[in-house]
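Hi,

Here is the structure I promised to pass on.

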Amino acid sequence: MPNKNLLKPRTLIFVWLVLLAWLGLLALIVIILLNLFFSYTGLADKYFMYLIYFTVGLGVTAILVGESVKCKSCRNSLFKEKRGGINKNAYKIRGLNYWASSVVGTVFNRRVTCISCGMKYKLKDLE
Ligand SMILES: [Zn+2]
């Protein structure tokens, strides 16, 4: 295929980076709460800074990879919310913003909807 744009691996990498970053964030919150309320001083403290670096690193990488996940139809990033440029067909979960909804939707529905133009992609049809 001459115009292989690696949309599928990029989408999967992006989604996994975001999920891991969320997990890292959750771990940070849990550790902070444990420290606040139970003056917990366990092994986790030693790795707290690493966990912060790790989570921030994942987040930054996710943003960079996310930029390269381009919609075939409108050429905008599939996971990027542009002010005023959100399509009415964009996938939205109540309580989440559009890009987070797209990430969750990709995992559970195995399909991605472009936030900018509403184009739907099935994960299995992507290459
Ligand atoms: Zn699009």
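First, a term: a nonpolar core here means a set of buried Ala, Val, Leu, Ile, Met, Phe, Trp, Tyr and Cys residues joined through C-beta atoms within 7 Å. A residue is buried if 20 or more other C-beta atoms lie within 10 Å of its own, exposed if 12 or fewer, and partly exposed in between, with C-beta atoms placed from the backbone.

Please keep in mind that this is a predicted model: local features need pLDDT of at least 70, side-chain atom pairs count only at pLDDT 80 or more, and totals for chains, interfaces and linings use all residues. Residues are numbered from 1 along each chain as its sequence is written.

On to the overall picture. The protein has 3 helices and 2 strands, in the order α-α-α-β-β from the N terminus. (Helices are DSSP runs of H or I with at least four residues, strands are E runs of at least two, and both are numbered from the N terminus.) Of the 127 residues, 21% are buried, and the C-alpha atoms fill a box of roughly 55 × 35 × 25 Å along the principal axes.

Now the core. The largest nonpolar core has 19 residues, and those touching the most other members are Phe-14, Leu-17, Val-18, Ala-62, Val-69, Leu-78 and Phe-79. Two or more residues each come from α1 (7-38), α2 (48-67) and α3 (98-109), and α1 gives the most, with 6.

Finally, the α1 and α2 pair: they pack at an angle of about 150°, with axes 8 Å apart. (Axes are lines fitted to C-alpha atoms, for helices over the stretch in contact, and angles run from 0 to 180 degrees between N-to-C directions.) That makes α1 roughly antiparallel to α2, a label for angles over 145 degrees. Residues making the contact include Ile-13, Leu-20 and Leu-28 of α1 and Leu-51, Leu-58 and Val-65 of α2.

Cheers

Conventions. Parallel < 35°, antiparallel > 145°, perpendicular 65-115°, else oblique. Contact = placed C-beta atoms within 7 Å.
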